[in-house]
Amino acid sequence: MNREIEDVQPKPRSSRPLDDFDRRILSALTRDARQTYAQVGQSAGLSAPAVHDRVKRMKESGAIAGTSAMINGPAVGKPFLAFIHVDAEGWGKSQRMMKLKAFPEVEEMHSVAGDTCVILKVRTESALALEHFLSQLYVLPGVKGTKSFVVLSTYLERPVQPEVTGSWPEIPLPPE
């Protein structure tokens with residue numbers, strides 16, 4: 001099979017599950033990955049060498065996939081954020097669809113179940129730039145239509161969080 005078509009992010013394989021210390025380390029790194037191991041250790045309750053060993057293990061297992069800078073879209077000239085639902089014949093994951101990854105405006109691409117095949121997170125400089133991007137979608141064979149959801153305000157945007165909710169609060173139904 002063509003590797004380009006099969007370019008799906010693998011799920012990490014860990015030799016052991018993450019413990020509370022690992023999650024504290026990941027939380028500290030999520031807040032600021034520039035911290036020293038000693039600083040992370042203060043947050044996690046471990047020594048710097050212990051943090052180093054755990055970070056090394058989490059990198060090897062795939063729990064830490066890499067380190068990157070979080071860039072502010074409007075500050076770099078890309079204030080226009082949209083989510084595009086692509087309806088395509090069949091699965092929708094074709095060689096040509098996967099070539100959309102070459103556009104720096106595409107931040108995320110997800111194959112999904114439901115009434116659409118693919119969801120794209122796209123950040124552009126303007127509505128006109130989004131229109132140009134959409135024109136690239138419509139020339140792809142098999143694309144039947146799109147639904148674009150333009151973001152007006154963002155209340156929360158963050159990377160994957162290592163914490164897990166242990167007990168969901170009960171939310172009472174409103175009175176009738």
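Author: A residue counts as buried under 20% relative accessible area, as exposed over 50%, and as partly exposed in between. The model here is predicted.

Reader: Why is Glu-107 called partly exposed?

Author: Glu-107 has 38% relative accessibility.

Reader: What makes the contact of Lys-121 with Glu-107 a salt bridge?

Author: The closest N and O atoms of Lys-121 and Glu-107 are 3.6 Å apart. A salt bridge needs a side-chain nitrogen of Lys or Arg within 4 Å of a carboxyl oxygen of Asp or Glu, so the pair qualifies. Lys-121 is in strand S3 (residues 118-124) and Glu-107 in strand S2, 14 residues apart.

Reader: Why is Lys-121 called buried?

Author: The relative accessible area of Lys-121 is 10%. Buried means under 20%, so Lys-121 is buried.

Reader: Why is the pair of Glu-107 and Arg-123 said to tie together parts of the chain?

Author: The side chains of Glu-107 and Arg-123 meet in a salt bridge, at 2.6 Å from N to O. Glu-107 lies in strand S2 and Arg-123 in strand S3, so the pair ties together parts that are 16 residues apart in sequence. Arg-123 counts as buried, at 10% relative accessibility.

Reader: How do you know that Glu-108 forms a salt bridge with Lys-121?

Author: The closest N and O atoms of Glu-108 and Lys-121 are 3.9 Å apart. Glu-108 is in strand S2 and Lys-121 in strand S3, 13 residues apart. Glu-108 is partly exposed, with a relative accessible area of 33%.

Reader: What makes these residues one network?

Author: Salt bridges that share partners join Glu-107, Glu-108, Lys-121, Arg-123 and Glu-157. The structure holds 10 salt bridges.

Reader: How many aromatic pairs does the structure hold?

Author: There is 1 aromatic pair. The ring centres of Phe-103 and Phe-133 are 5.8 Å apart and their planes are at 85°. Centres must lie within 6.5 Å for a pair, and planes over 60 degrees apart count as edge-to-face, so this pair is edge-to-face. Phe-103 is in the loop between helix H4 (95-98) and strand S2 (106-111), while Phe-133 is in helix H5 (residues 127-138), 30 residues apart.

Definitions and conventions: Residues are numbered from 1 along each chain as its sequence is written. This is a predicted model: local features need pLDDT of at least 70, side-chain atom pairs count only at pLDDT 80 or more; totals for chains, interfaces and linings use all residues. Side-chain values use heavy atoms; hydrogens and water are left out. Rings of Phe, Tyr and Trp (its six-membered ring) pair if their centres lie within 6.5 Å; planes under 30 degrees apart count as stacked, over 60 as edge-to-face and the rest as tilted. Helices (H or I, at least four residues) and strands (E, at least two) are DSSP runs, numbered from the N terminus. Buried means under 20% relative accessible area, exposed over 50%, partly exposed in between (1.4 Å probe, protein chains only).
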